[in-house]
Amino acid sequence: MDASKLLEDVKDIESFLAFARALAADRAASVVQEKANPGSPYGTDANGWENTTIESFLESAIAWAEASDFGLTQGLSLSNPWKQFAVFLYCGKIYE
């Protein structure tokens, strides 16, 4: 399943874990695709992965959290911490 689609429905532990599994599968697929057909070293990896090391992934997720007050300035609600953390992980993938 597409992680970005599952992200929209995160509301509890089960939906969070489904999203996290999909994000992990998305990264695994990206690694396979990059090994078979490497992209430009100056662009994103397959499936749109901006950050391909754990260090850059976490740095970007933290940068997003700091810049957006953990999503509050983007409309995320404190009443759904599962979604906030899911978006945190997703931003580790895409945030520059």
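The model on screen is predicted. The side chains of K93 and D26 meet in a salt bridge, 2.7 Å from N to O. K93 sits in helix α4 and D26 in helix α2, so this pair ties together parts 67 residues apart in sequence. D26 also counts as buried, at 17% relative accessibility.

Stay on α2 and select residues 13–36. The helix has 24 residues. From first C-alpha to last, α2 reaches 35 Å, close to the 34 Å expected at 1.5 Å a residue.

Next, colour the buried positions of α2: S15, F16, F19, A22, L23, D26, R27, S30 and E34. Residues three or four places apart point the same way, because an α-helix has 3.6 residues a turn. Show α1 (3–8) and α4 (81–94) too; the buried residues of α2 pack against both.

Move to R27. R27 forms a salt bridge with D45, with the closest N and O atoms 3.7 Å apart. R27 lies in helix α2 and D45 in the loop between α2 and α3 (54–67), so the pair ties together parts 18 residues apart in sequence.

Last stop: K83 and E8. Their side chains meet in a salt bridge at 3.8 Å, N to O. The pair links distant parts of the chain, K83 in helix α4 and E8 in helix α1, 75 residues apart. Buried or exposed, which is K83? K83 is buried, at 17% relative accessible area. E8 counts as exposed, at 54%.

The count of salt bridges comes to three.

Conventions. Residues are numbered from 1 along each chain as its sequence is written. This is a predicted model: local features need pLDDT of at least 70, side-chain atom pairs count only at pLDDT 80 or more; totals for chains, interfaces and linings use all residues. Side-chain values use heavy atoms; hydrogens and water are left out. Helices (H or I, at least four residues) and strands (E, at least two) are DSSP runs, numbered from the N terminus. The expected span of a helix is 1.5 Å times one less than its number of residues. Buried means under 20% relative accessible area, exposed over 50%, partly exposed in between (1.4 Å probe, protein chains only). Contact means heavy atoms within 4.5 Å. A salt bridge is a side-chain nitrogen of Lys or Arg within 4 Å of a carboxyl oxygen of Asp or Glu.
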